[in-house]
Every structure is written in structure tokens, then in C-alpha cells.
Amino acid sequence: LNPGQAAVLGALVADAASLGLHWLYDAGRLRDLQLSGPLAFRSPNEASYAGVAAYFAHAGKKAGDLSPYGESCRLMLAHLARRGGVFQRQAYQQEWLACFGPGGTWVGYADRPTRRTVVRLLSCATPDDYPAVSGVDDDQLPALECIPGLVACHRGGFDSLLQVVQQAVAVTHDDPVARDAAYACALALHQVLSGRSLVQALGAAAEVAGPVLRPLLVEALAMSVLDPQAASARFGMPCHLPQGLPVLFHIALRAGSYQEAVEANILAGGDSCGRSLMLGALCAAEAAVRGVGNAVPQDWLQRVFALPGARADMDRLGC
């Protein structure tokens, strides 16, 4: 995989790997499950969630499927492939609604910003009436779903990339923390793909992350030893960016490999899929840039059902 391919495929694989224990909030249960075998690529099983703090959302899904977050990431890649790598907001809104709206191709859980964005787009008479900001006031991790594909496939400088990222984020999210997080994550991945180390890229991203996120990210980066459960206990397991983004940054900086990062993220609990996309993109991209073995384990790549289509889209884009 070249670095751009690694970023996008690494994001999708990390999401699928995390699906089976997504939204399990009990650290003790996760440790017990870890004793019975790898946490990655488990089929969702309601028994794993019984009797503890958890939300079982993925009945009917199986190991190798994407979460709705991963599906949105894949959708952005497919959009860019259809349009020569150029983000076209109204066309993307149409495609997004055809996926997540009534009768759409996505079958499964839909979160709050997805449901509310669907309602807003359906209220418009025609696609020409779609507002530039169709998203809702929401500061959760799904705001970052579009970033791996946009950054990996962008052919201009960072300023033009940032404009596109903010347009894409506004399709589903209209929140200052979400905008700050998108800026920081786009910068981090762009710098990794440009050859900077994760230490440098994450440090630079923390500095531009805005007044809410910056102190949390600086604190997370200062944690000297990989401890995903300590990080999630400190910052939080749920879906909000001030909780999930520091955990993501801590794991990305301290994990020794892509696989270790993905497994640590699952062990951190809570919204593991929400954190997984940027985490997987960053760690896989750095491994590819550094030429350290397989950026993403080959057997993991083979387990994700959406990967052949994603590979074909990346080939069309020349990424």
C-alpha cells in the first residue's frame, strides 16, 4: 500500500475490526473478553453486552462489516472516485441521502446527527435547495468520517484541503468543536502523508485544535506510556470529541504498530468505532511512509467486505 491507500484502507479496516465490541463501556468486561481471544473482528454478540454499561446497536451485523461511521467514510471515497477526486457538495448530499435516508442502501443503526441531517435534507424540495450547512449542532466523533478520503485523495495544498474538509463536515455537523477537530485531524493526517512523524503531526494538530480541545490533546499527548483504559477513564469513553479525540491521540502516539493501536482502541471501550477511523488512518499512513512492514496486516485487509470496492475506487482516483 502507498501512504494514501494505507490511510483510507487503514481507516476502514480499523472500523470493521472495532464493530463487534462497539459501545461496550465496561472496562472489566473488556479485559475479561480479551482473555478469551483477540478483541478485533468479533461478530457483534448481545451476550457480550449483558449486565454491564453498554449499548448493543449492531444486531444482524457480522465480523467484517462496517459500522455506519465506516460506511460514511467509504461513501466519501466512492463520491470522490465518481467525480475525479473533486468534492461536489450538492452531489455528495444526494449520495449521502441515498445511502442513509429512507429506503437507502445503509441498513443498520443511525445516530442523532445522521437522523437529523436526513430530516433536513428531506425537507428540501430539490437538491438545488440543499443548504451548504445541512448538518446539526453536534460535537461527536462522526464529524471526522469524511477526513481520511478527502485528505488522502487531495491534489492541492493544505489551505484548499481545509476548505473542502469544512464543506464536507458541514453536511452533517454544524458545531465549533466539530470544525476545530476536523481542522486538527486533517492537518495531522496531511502532515503524516507529507513525511512528518506522528509526534510532530499530532503536536501541530493539538496547537490548532481550538480552546476546548487543545488543553485536552496536550494532556493526552503527555501520557508517556500506552494505557488505553487509563486514557478513556480520564477523558471519557463516549462519542463526544472532547472525550474521544484525546484518547485517539494518546493511542496513535504511543502504540507501536497499527495493529496494536486498533486493539488498544477497542480495549479503551465506548465509541471505539468513532475513534477508529482517524486512528487507523494516521497509524497506517505513518507505517506506509516509514516503510515499516505491512502498513495494515494482510489478513485483516482480507476480512473486510467493503475493501475490494474501496480498492477499486482508489485505483480510479490514482491514490
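Since the model is predicted, local features need pLDDT of at least 70 and side-chain atom pairs count only at pLDDT 80 or more, while totals for chains, interfaces and linings use all residues. Residues are numbered from 1 along each chain as its sequence is written, and side-chain values use heavy atoms, with hydrogens and water left out.

Let's start with helices. When I say helix, I mean a DSSP run of H or I with at least four residues; strands would be E runs of at least two, and numbering goes from the N terminus. Helix α3, residues 68-82, packs with helix α16, residues 307-317, at an angle of about 35 degrees, and their axes are 9 Å apart. For the axes, lines are fitted to C-alpha atoms over the stretch in contact, and angles run from 0 to 180 degrees between N-to-C directions. The crossing of α3 past α16 is left-handed, meaning the near helix is turned anticlockwise from the far one by less than a right angle.

Who makes that contact, with contact being heavy atoms within 4.5 Å? On α3 you have Leu 77, Ala 78, Leu 80, Ala 81 and Arg 82, and on α16 there are Ala 310, Asp 313, Met 314, Arg 316 and Leu 317. Sorted by class, that's seven nonpolar, no polar and three charged residues. The classes go like this: Ala, Val, Leu, Ile, Met, Phe, Trp, Tyr, Cys and Pro are nonpolar, Asp, Glu, Lys and Arg are charged, and the others, Gly among them, are polar.

Now, rings. There are 11 aromatic pairs in the structure. Rings of Phe, Tyr and Trp (its six-membered ring) pair if their centres lie within 6.5 Å; planes under 30 degrees apart are stacked, over 60 edge-to-face, and the rest tilted. One of the pairs is Tyr 49 with Phe 56, edge-to-face at 5.1 Å centre to centre and 65 degrees between the planes. Tyr 49 is buried, at 6% relative accessible area; the cut-offs are under 20% for buried, over 50% for exposed and partly exposed in between, with a 1.4 Å probe and protein chains only.

Why is the pair of Tyr 55 and Tyr 109 edge-to-face? Because the planes sit at 70 degrees, with the ring centres 5.9 Å apart. This pair links distant parts of the chain, 54 residues apart: Tyr 55 is in the loop between α2 (27-35) and α3, and Tyr 109 in the loop between α4 (89-100) and α5 (112-122). Tyr 55 is partly exposed at 44%, and Tyr 109 also counts as partly exposed, at 21%.

Most residues other than glycine have a negative phi. Phe 41 has a positive phi too, near 60 degrees; that residue is in the loop between α2 and α3 and is buried at 5%.

Last stop: Leu 30, in helix α2. Buried or exposed? Buried, at 0% relative accessibility. Beyond four places away in sequence, Leu 30 touches Leu 21, Leu 24, Leu 39, Gln 229, Ile 266, Leu 267 and Gly 269.

How values were computed
Contact = heavy atoms within 4.5 Å.
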